[in-house]
Amino acid sequence: MVGGGTADLAPTATVKIFSAGTAGCVADLITFPLDTAKVRLQIQGESRPSLEGQKAKYRGVFGTICTMVKTEGPRSLYSGLVAGLQRQMSFASVRIGLYDTIKQVYSRGSENAGIGTRLLAGCTTGAMAVSFAQPTDVVKVRFQAQARLPESGSVQRYNSTIDAYKTIARDEGVKGLWKGCLPNIARNAIVNCSELVTYDIIKELILKHNLMTDNMPCHFTAAFAAGFCTTIVASPVDVVKTRFMNSVPGQYSGAMNCALTMLIKEGPTAFYKGFMPSFLRLGSWNIVMFVSYEQIKRAVIRYQRSCESHL
């Protein structure tokens, strides 16, 4: 990503990977309740056909959060947080931390990478991240969704994060931990392209036209725009991913079957269920993550400079 502040000293790939993973965890800690509300709204209506006049349990972002706090307690908002943090350390560190490196590879070292090169780099790092971080995402979604099960007479699926990994592997096979991998690759290719490329381009334009300097207001503006664009583009794939990963074995034959079932039973608006929490979450997540990423990256470089000066 472009940048040229006083603290920028061409950070290495290692610095970027560490900074991205840490920034992703910071962003998750702050925005996790919004993500949980999004998951609850996305899966609402999948377990039974919606009856005319039937009152939905969750209404809106803050209504969902209030309902969860009243019925399940405040801790329910952070159900699956451990898996979420595990996901960010393995996921954000690759898809964000390696973006610049892959972009340089595809552009053969050129500083003026075209939009096609940036999109390809975003798709590549997104797919790479999903390929080994998928189990953490499956466990996170299951934890965020599981409180709804008592309504149907079931008990909670999992007692702890480790128990979730073991139970899924035992009951559904190791491939159960990679359930929804293809829709998640599709989602994250879209998310990465929308998120990273939008941030990259807008930040570059802001600096090119001297609208702002390479500091926090610039990072905030670019991150907000990236979050909005990402939500618009990725929401349908995100809903299908959430439904499919949370489904019991045999409920859907595949991601396409899940999408088709949603379309037939709930209509096209089902693909934008939880849109507002998605936007609030992605917008706020992008702002916290990118601002933290830039600051952590610079802090690490300052620390490196400090260490070198004492040698």
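This is a predicted model: local features need pLDDT of at least 70, side-chain atom pairs count only at pLDDT 80 or more; totals for chains, interfaces and linings use all residues.
Trainee: Is Glu195 buried or exposed, and how do I judge that?

Mentor: A residue counts as buried when its relative accessible area is under 20%, and because Glu195 has a relative accessibility of 1%, Glu195 counts as buried. Glu195 is found in helix H7, which covers residues 181–208.

Trainee: Which side chain makes a polar contact with that of Glu195?

Mentor: The side chain of Arg95 does, at 2.6 Å. When neighbours within four places in sequence are left aside, Glu195 is also in contact with residues including Ala226, Thr230, Leu282, Trp285, Asn286 and Phe290.

Trainee: How many cavities of 30 Å³ or more does the structure hold, and what lines the largest cavity?

Mentor: The structure holds 3 such cavities, and the largest cavity has about 150 Å³ of space.

Trainee: Where should I look for nonpolar side chains?

Mentor: In soluble globular proteins, nonpolar side chains tend to be buried together. Here the largest nonpolar core has 32 residues, and Met1, Ile96, Tyr199, Met289, Phe290 and Tyr293 are those with the most contacts inside it. Helix H10 gives the largest share of this core, 9 residues. Apart from this core lies another, of 11 residues, among them Phe143, Tyr158, Ala164 and Leu177.

Trainee: What is Met289 in contact with, beyond its neighbours within four places in sequence?

Mentor: Met289 is in contact with Ala23, Gly24, Ala27 and Ile96.

Methods
Residues are numbered from 1 along each chain as its sequence is written. Side-chain values use heavy atoms; hydrogens and water are left out. Helices (H or I, at least four residues) and strands (E, at least two) are DSSP runs, numbered from the N terminus. Buried means under 20% relative accessible area, exposed over 50%, partly exposed in between (1.4 Å probe, protein chains only). A polar contact is a pair of N or O atoms within 3.5 Å; within protein, one must be able to donate a hydrogen and the other to accept it, and residues adjacent in sequence count only if both atoms are side-chain atoms. Contact means heavy atoms within 4.5 Å. On a 1 Å grid over the protein atoms alone, a cavity is a set of points where a 1.4 Å probe fits but cannot get out, and a pocket is an open set with protein on both sides within 12 Å along at least five of seven lines; lining residues have an atom within 4 Å of a point. Grid points are joined across faces, edges and corners, and a volume is the space filled by probe spheres set on the points. A nonpolar core is a set of buried Ala, Val, Leu, Ile, Met, Phe, Trp, Tyr and Cys residues joined through side-chain atoms within 4.5 Å.
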